[in-house]
Amino acid sequence: MSENKIPLAGVIGYPIAHSKSPLLHAHWLKTYNLPGHYIPLDINTEDLEVVLRMMPKMGFVGANVTIPHKERVLELADLITDRATLIGAVNTLIFRPDGKIHADNTDGYGFITNLKQSAPHWNPQSGPAAVMGAGGAARAVITSLLDAGVPEILISNRTKIRAEALRADFGKRLTVVDWVQAGNMFEEATTVVNTTSLGMIGKPPLRVPLDGLRAGSVVTDLVYAPLKTNFLVEAEQRGCFIVDGLGMLLHQAIPGFERWFGLRPEVDTATRTAALR
Ligand code: NAP
């Protein structure tokens, strides 16, 4: 790229129209008065490789990657961070000047940074964490919870074998609980996370009994549409401290923005408002 070119970045997915990332990055570019553009790129799996190879030549300095490409990109990247390898998926790409594609996963970073910012009193070592779900997002959440020093993670998923696979990968600090008994996990847990898509607009509700939730525990949902899910509403009614999923989405975007546009952005109220527009 020549010296004076305006840096481009974007988010690659299929479909991509729903993505909040273009609003978020446009807000930061404007707030910090930086040159650059961030655009949604609707790319199907068949075209992914050729598009990725062309993007640096077109002036792209990097991209976010979302469903359904997060795993496939692992095979196409030239360099992969340890955390992306551990999570088994990629959400952030950097196109290096030497032509190499550098792949990272910032979902776990986004999750834990959001939790720390939104619940400053949260102490990861205060007790076990209960995690519902064992999909791609759960892997990122578990990596970051273990890293933060959570002593034990109780995990439950409708398809038990997926939770058992996580235990096989992450080890003895994980205990698998049957999905029909998922509610029992909450009795001990001081941190509770929903990583399933249940409760999201257009998806079935989360039906796990919540009577076991402890007052004072920190409860968070990765679902952010609606912003305050029924799970969070009920948890709040039981005296839990709740954290919504929008913050994770905003925080996971920070490392990419900093690498592409040269400035580390802040997540504040104006950022949330911009992403919700
Ligand atoms: P995924 O890999 O498709 O996993 C979906 C999870 O939801 C699995 O655990 C799945 O269980 C469970 N699930 C789906 N339908 C269910 C049902 N009817 N009953 C019980 N469990 C059900 O998706 P993902 O990438 O992990 O994402 C999960 C959610 O997190 C999505 O809503 C996504 O939007 C959200 N997310 C948010 C952020 C953020 O920044 N806030 C980041 C990433 C993801 P099975 O294994 O049994 O199918």
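1. Val233 is placed in helix 8, residues 230-237; helices (H or I, at least four residues) and strands (E, at least two) are DSSP runs numbered from the N terminus. The model is predicted, so that local features need pLDDT of at least 70 and side-chain atom pairs count only at pLDDT 80 or more, while totals for chains, interfaces and linings use all residues. Residues are numbered from 1 along each chain as its sequence is written, and side-chain values use heavy atoms, with hydrogens and water left out.

2. Val233 counts as partly exposed because its relative accessibility is 28%; buried means under 20% relative accessible area, exposed over 50%, and partly exposed in between (1.4 Å probe, protein chains only). Val233 and Val51 are 182 residues apart in sequence, and their C-alpha atoms are 42 Å apart in space.

3. Thr81 lies in the loop between strand 4 (79-80) and helix 4 (82-87). Its relative accessible area is 18%, and Thr81 is therefore buried. The Thr81 side chain makes a polar contact of 2.8 Å with the side chain of Asp104. A polar contact is a pair of N or O atoms within 3.5 Å; within protein, one must be able to donate a hydrogen and the other to accept it, and residues adjacent in sequence count only if both atoms are side-chain atoms.

4. Lys100 belongs to the loop between strand 5 (92-95) and strand 6 (101-104). With a relative accessibility of 37%, Lys100 counts as partly exposed.

5. The ligand is surrounded by 21 residues, the closest being Ala137, Asn157, Thr159, Arg162 and Gly245. By class, this shell has ten nonpolar, nine polar and two charged residues. Helix 6 (136-148) and helix 9 (246-252) each supply at least two residues of the shell.

6. For Leu222 the distance to a nitrogen atom of the ligand is 3.0 Å, and for Gly245 the distance to a ligand nitrogen atom is 2.9 Å. Taken alone the ligand exposes 920 Å², of which the protein buries 77%; accessible areas come from the Shrake-Rupley method with a 1.4 Å probe.

Notes
A residue is near a molecule or strand if one of its heavy atoms lies within 4 Å of it. Ala, Val, Leu, Ile, Met, Phe, Trp, Tyr, Cys and Pro count as nonpolar, Asp, Glu, Lys and Arg as charged, and the others, Gly among them, as polar.
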